[in-house]
Amino acid sequence: LSSTFVRKPINMSTEVQSTLQAAETLVASLDGKMEQQSQPSPGSAKSSSNDSGVEEARKASVSQPKPIDRRASRLSSSAVSPVLEQLEQLIVNDDWLARDEVPQQKHAKAKEGNRLSELGRTLVTSSSLKAYIDLLGSHHRQSIASWLFGNTSITFSQLFRFPEAQVYCSETESTLANAVRNGIGHAVRLAIKQAYGGEFATKGWRVFVEQGAPVIYVSPALHLDIAPYLASEFGISDIVVLPKLEGDLSEIEGRIDHQAFERQLDEDIAAGKKPLMVLGVVGSSILGQNDMISKLLDSRKNKARFWLHIVGQAVAALTLREPTEVLVHVLSQVDSMTLPLALWLGIPAAPVITIHRSIEGYKPTYRAKLDTLPWWVASQYLTTKRITDSIENAYFLSKVMLKGLSALEQMEIVGVDNVVDFANKVFKNQYIAPSVLIFKYKYAQLKEAIAAHKKLLTAPEEERNVSDIEKAAKLIDIELEYAESLNSWLGQGLLGECTPLGIHMIELGGFYGTAFRFCPLEHAAANNSNMDHVQKFVKQLSEVMSIVDSTVAARRSFTEMKEQFPALAQLPVNKWAGVGAVCYIPSIVKETNPEEWNEQQRHQVSMLNMELVHSLRSVDSAFSSGESALFGVSCVKFGMLSDANDLVDLMRMVSERGKEIESSQQYLDTLAEQIRKGIEAANHQLKHESDVRLQQEGVMRQLPIMGSLVNWFSPIEHPNIKGRSFNLKTGEIQATDVLYKHKKGDSEMKTPMTPIETPQAPHDFNKNTIVVEKKDSIQEESVEEVEKSEEEVPASA
């Protein structure tokens with residue numbers, strides 16, 4: 001759109017006041033002018049106006065209005081002002097809302113997004129005029145409504161190259177989906193009138209019994225559940241979602257399978273049902289795909305006379321200066337189309353419109369005609385030229401983005417096999433630019449894993465191996481999660497820098513994962529997007545591709561490099577886009593399988609690794625701390641790499657700093673404190689057992705002579721006295737008999753160390769310098785003391 005829409009942000013309160021004042025001024029001005037008008041000639045007024053308004057729109061003059069009776073007493077401005085002030089406070093200030101239900105940040109964003117342009121303020125003001133027009137005389141208001149309706153219908157009929165079209169404006173709804181649903185409901189109402197005549201208005205559902213139940217066929221690409229709405233509004237229960245045309249992208253979004261549709265059509269006709277409507281999609285919301293409307297037209301011609309209604313983004317291409325002849329020829333034959341034109345033009349307070357052909361016996365009501373007022377204002381303000389310019393700008397941005405992405409080999413556009421060839425044809429105007437672009441990082445390992453899994457599934461039955469298929473499926477899950485993490489990492493870094501483009505992340509499902517969605521029709525006009533924004537985004541995307549490529553290359557060799565550092569174990573972490581994660585294993589738990597670590601051991605390992613991350617981040621902020629859900633311990637996560645060759649140096653850095661921390665005085669002091677607490681706990685348990693034994697035996701048995709006499713008369717069996725030991729490796733207190741049995745029978749058994757596997761963020765090793773300090777004599781002595789203390793811990797009562 002032109003710079004007319006650009007204005008400096010103003011205070012919300014001032015904006016509301018100016019809008020209200022403009023409405024009051026305009027209404028007061030019209031009120032005064034109406035009182036000054038002369039009396040019309042007798043007989044010039046009519047009680048009603050039944051014409052469609054199209055012919056009246058071509059008339060140069062309108063008959064003189066009939067004066068309306070005015071009340072002598074009106075509310076003074078002093079009486080109205082407090083009411084308006086109270087309304088203003090409700091709009092401007094949100095302190096009266098429940099903070100628990102809506103976060104404050106959402107309110108702030110809503111305030112920022114509610115700032116109106118000049119056209120927006122005009123449309124808001126014009127809405128109050130609809131109520132004012134209702135106060136006019138019957139003939140006068142219906143003449144105005146008919147003129148507005150006819151003028152708007154002609155404008156959009158020419159704009160969308162839809163001959164002799166009429167416009168219907170949906171009621172204002174809270175969401176765009178509900179407004180589109182209402183537009184579809186109006187098309188259903190027209191289809192019923194065409195198929196069943198006027199009897200539906202008098203007989204209702206009984207006409208369905210007499211002439212056959214209506215069936216509505218819905219494209220699988222329509223992401224809108226309209227069955228409950230149509231059932232409650234019209235009593236139609238047969239809503240058939242047509243089968244998808246099988247293809248590689250049918251998991252994401254499907255198109256109508258025409259052969260299956262014709263079979264369904266034949267079955268319904270044979271069952272005595274009446275095909276009422278087909279809802280087709282031209283420019284689906286995810287992949288921008290089109291249903292084969294030409295084949296649907298052939299089915300309507302050869303099979304049954306149903307109403308054909310279309311929705312979709314690609315309908316906007318009809319407004320281009322030079323649309324393709326095939327597109328105009330096909331879409332001009334449909335019966336109706338619902339269009340979110342306000343979204344495409346970035347204007348508020350304008351309803352969703354439905355353009356439809358005129359049918360015999362249908363005349364729009366006065367209210368339906370008057371509802372076109374916002375679009376009459378918008379079309380007069382913008383003019384068809386500026387509307388076309390706005391939509392052409394959106395398609396141009398799609399071209400530029402397509403060209404930029406085609407230059408990046410690492411990016412793939414979902415649904416386009418040869419991106420370079422397709423982009424060249426679009427720039428040569430052989431194809432129309434896609435209304436939606438879905439793109440993501442092309443992760444080769446995921447494609448290889450999917451191909452290998454597919455090969456195993458399609459192999460002959462005698463050659464299939466269930467375990468191999470399960471392994472391949474598990475590998476797909478791992479690679480898919482990593483691919484999603486890479487795209488999420490790209491989104492976190494780029495989306496904040498390109499808000500004018502409206503690019504956002506979507507979940508495609510299946511093996512496609514997460515991707516970027518770019519739809520300039522939805523955001524370009526509102527955000528004033530231009531070519532510079534697209535070029536800036538593509539440039540930033542190309543700059544980070546080298547980092548992603550280096551990280552992916554390093555990840556493939558991560559496991560092999562880890563073998564050079566026995567103290568590091570590779571651990572799986574979820575949703576991490578970097579190279580992977582390792583856990584430094586201290587020598588005190590090295591011989592224990594990580595799966596058998598108890599809570600105390602996990603705490604020891606996590607404490608050391610958190611200290612390790614803290615030390616590393618002081619040199620390289622790309623290191624981060626994470627937790628492996630598999631073993632429940634903290635780990636060191638590697639970030640993205642600018643150079644894949646830096647990985648071995650970074651792992652050496654982690655290993656050396658881990659050894660330094662493990663042998664440091666602070667770590668040894670922590671272990672000593674742990675040993676002290678263990679000994680205290682063992683002594684406490686021994687004392688508790690002694691008190692219990694004393695309580696059971698009694699005081700008499702404790703006396704030197706009397707105890708011997710009592711024990712001679714009534715001897716008791718003394719249970720084996722159990723000592724206690726504190727295991728430094730496990731951090732547990734154990735009975736000594738268990739310890740001795742374990743030493744006797746299992747002294748030669750050793751638990752094998754199982755490898756720990758898997759994933760991840762950016763480093764620049766040239767900037768990293770870590771000085772590893774030598775252990776002093778005090779630290780060496782501390783190590784010896786800890787080793788001796790481990791031997792001295794077992795004690796018995």
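1. The charged end of Lys403 lies over the ring of Phe427, 5.5 Å from the ring centre. A charge counts as sitting over a ring if NZ of Lys or CZ of Arg is within 6 Å of the ring centre and within 35 degrees of the ring normal. Arg555 has its charged end over the ring of Tyr482, 3.9 Å from the centre.

2. Basis of the model. This is a predicted model, in which local features need pLDDT of at least 70 and side-chain atom pairs count only at pLDDT 80 or more, while totals for chains, interfaces and linings use all residues. Residues are numbered from 1 along each chain as its sequence is written, and side-chain values use heavy atoms, with hydrogens and water left out.

3. Confidence. The protein chain has an average pLDDT of 78, and 71% of the residues score at least 70; pLDDT is the predictor's confidence in each residue, from 0 to 100. Residues 38-52 have a pLDDT below 50, and beyond near neighbours in sequence this stretch has 25 contacts in the model. Residues 58-77 are also below 50, with 20 contacts beyond near neighbours in sequence. Contact means heavy atoms within 4.5 Å.

4. Aromatic pairs. The count comes to 14 aromatic pairs. Rings of Phe, Tyr and Trp (its six-membered ring) pair if their centres lie within 6.5 Å; planes under 30 degrees apart count as stacked, over 60 as edge-to-face and the rest as tilted. Phe156 and Trp375 are edge-to-face, because their ring centres are 5.6 Å apart and their planes stand at 85°. Phe156 belongs to helix 6 (residues 138-159) and Trp375 to helix 16 (residues 373-406), so this pair ties together parts 219 residues apart in sequence. Helices (H or I, at least four residues) and strands (E, at least two) are DSSP runs, numbered from the N terminus. Both Phe156 and Trp375 are buried, where buried means under 20% relative accessible area, exposed over 50% and partly exposed in between (1.4 Å probe, protein chains only). Phe422 and Tyr431 make a tilted pair, because their centres are 5.8 Å apart and their planes are at 35°. Tyr431 is partly exposed, at 39% relative accessible area. Phe156, Phe160 and Trp375 form one aromatic cluster.

5. Seven strands make an open sheet of mixed pairing, in the order 1-7-6-5-4-2-3; two strands pair if DSSP finds at least two bridges between them. Strand 1 (165-169) and strand 3 (238-241) are at the edges with a single partner strand each, so one side of each lacks a neighbour in the sheet. On average, neighbouring strands are turned by 20° against each other, direction ignored. Strand 2 (residues 214-218) runs parallel to strand 3 and is joined to it by four bridges; Asp238 in strand 3 is the bridge partner of Val215.

6. Helices on the sheet. Helix 6 lies across strand 1 and strand 7 (353-357), at about 115° to strand 1. Helix 12 (residues 293-302) lies across strand 4 (274-281) and strand 5 (307-311), at about 165° to strand 5. Axes are lines fitted to C-alpha atoms, for helices over the stretch in contact, and angles run from 0 to 180 degrees between N-to-C directions.

7. Strand 15. Six of the six residues of strand 15 (residues 633-638) are buried, so the strand is largely enclosed by the rest of the structure. Val633, Cys635 and Lys637 point one way, and Ser634, Val636 and Phe638 the other. In a regular strand the side chains alternate between the two faces of the sheet. Strand 13 (residues 580-584) runs antiparallel to strand 15, with three bridges, and Ala581 has Lys637 as its bridge partner. Strand 14 (residues 624-628) is also antiparallel to strand 15, with five bridges; Ser625 is partnered by Val636. Strands 14 and 15 form a hairpin with four residues between them, and Gly632 in the turn has a positive phi of about 70°.

8. Backbone points to check. Most residues other than glycine have a negative phi. Glu164, not a glycine, has a positive phi of about 50°. Glu164 is in the loop between helix 6 and strand 1 and is exposed, at 67% relative accessibility. Thr383 has a positive phi of about 70° and is not a glycine either. Thr383 is in helix 16 and is partly exposed, with a relative accessible area of 34%.
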